[in-house]
Amino acid sequence: MTKVSRNFSKSLRELFAEAALKAIDDCGGVVPEALVIGNMLSSSLQEQDDLGALLADNIGLRGIGAVKVEAACGSGGYAVAMGYSLVASGLYDVILVGGVEKMTDYPTADVTRALAQAADAEYELFYGVSFPALNALLMRLYMERYGVKREDMALWPVLMHENGYYNPYAQLRFKTTVEDVLKSPVVADPIRLFDASPIGDGAAAVVLASEDVAKRLTDTPIEIAGVGLATDSVDLATREDLLSAPSVRLAAEKAYKMAKISPKDVDVAEIHDAFSINALLVAEELGFAEKGSAWKMLKEGRFRPGDKPTLNPSGGLKSRGHPVGATGVYQVAEVAMQLRGDFPGIKVSGAEIGLAQNMGGVAVSTSVIILRR
């Protein structure tokens, strides 16, 4: 991984090369047979298509198969799933999966507009909607339906900053308080600045290999034990319930079934918390909390380091940062390092089973990937 930051000194190619070469070095310099890239914004911001071939060539792998996977902010998780399928099918033995995003070279208004392309272009984007606004609808409804106070919603970003403070890869490495969250500027009421993940640049990469090859490359191979993918409507208006995220639930059910586990078996999870409300809804749909109760569990001190499951010891999207198309790859890399015992931030001691949940849009395209030591 690279440190997520407002990185004006490195290009998209340079960020990817840094992460990719670190991943390759981590397993003895193995040469990948193909490359899968998670990225959302290269077409709209960098005006660059055919990104897979460009980045393969840039790290000296001209000639291999390479492709970009785009599923909005869920691109990284989907890229890992595509890489997994290429190995599991027997087509390749070694795949490099990367995620990269470069956003801070561009005005915030341009980035916000580009991110909003993950909404329904005809029925939402056309009318000027933004992702903070869409998620503000969910947060207001959650607070009203379940009687949640605004200060209770602030507990999630406080926890994320506490975790991210210890992560050298995190973009926002500082602690905060409930008061700080409540006093931060309004973005889209009731969402405030400290409820939202920051704009940042970053890249992450993982090497996926068949079982026999993996055991030759490392003494601590981590198994991808379950993969689930699912979708929901892109627009919010046609959903039966704004506080239900069926794409998360369905993807999780598929991954749990494949891995032959249940939610209570998960030791550590990296979940998609672009906004505070996302974390609560996702925790409930993954089976870590009953419907409408995640905020109560958080208030009671659950989901923190030492709890099972520990959620987002990296600091999550809120503190580690959210280089959108790369986020899902960061999550998988972080969980794998937790299971290996070499994550450089807060460690979840003795973790055997981990989960990475990534999604694009307002829980539109979701991936759930379960890893096992």
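Start by selecting Lys175 and Tyr165: Lys175 lies over the face of the Tyr165 ring, 4.8 Å from the ring centre. Keep in mind as you click around that this is a predicted model.

Next, stay with rings and charges and pick Lys318 together with Phe194. Here the charged end of Lys318 sits over the ring of Phe194, at 5.4 Å from its centre.

The structure holds four aromatic pairs. One of them is Phe126 with Tyr127, an edge-to-face pair with 5.0 Å centre to centre and 90° between the planes.

Colour the loops to see where they come from: Phe174 is in the loop between helix H8 (155-164) and helix H9 (178-183), while Phe194 is in the loop between strand S5 (191-192) and strand S6 (202-209), so the pair ties together parts that are 20 residues apart in sequence. Phe174 is partly exposed, its relative accessible area being 34%.

Last stop: show helix H6 (residues 131-146) and helix H12 (residues 276-285) as cartoons. Their axes come within 9 Å and cross at roughly 65°, which makes H6 roughly perpendicular to H12. The crossing is left-handed. To see what touches, show side chains: on H6 select Asn135, Leu138, Met139 and Tyr142, and on H12 select Ile277, Asn278, Leu280, Leu281 and Glu284, which together make the contact.

Technical notes: Residues are numbered from 1 along each chain as its sequence is written. This is a predicted model: local features need pLDDT of at least 70, side-chain atom pairs count only at pLDDT 80 or more; totals for chains, interfaces and linings use all residues. Side-chain values use heavy atoms; hydrogens and water are left out. Rings of Phe, Tyr and Trp (its six-membered ring) pair if their centres lie within 6.5 Å; planes under 30 degrees apart count as stacked, over 60 as edge-to-face and the rest as tilted. Helices (H or I, at least four residues) and strands (E, at least two) are DSSP runs, numbered from the N terminus. Buried means under 20% relative accessible area, exposed over 50%, partly exposed in between (1.4 Å probe, protein chains only). A charge sits over a ring if NZ of Lys or CZ of Arg is within 6 Å of the ring centre and within 35 degrees of the ring normal. Axes are lines fitted to C-alpha atoms, for helices over the stretch in contact, and angles run from 0 to 180 degrees between N-to-C directions. Angles under 35 degrees count as roughly parallel, over 145 as roughly antiparallel, 65 to 115 as roughly perpendicular and the rest as oblique. A crossing is left-handed if the near helix is turned anticlockwise from the far one by less than a right angle, and right-handed if clockwise. Contact means heavy atoms within 4.5 Å.
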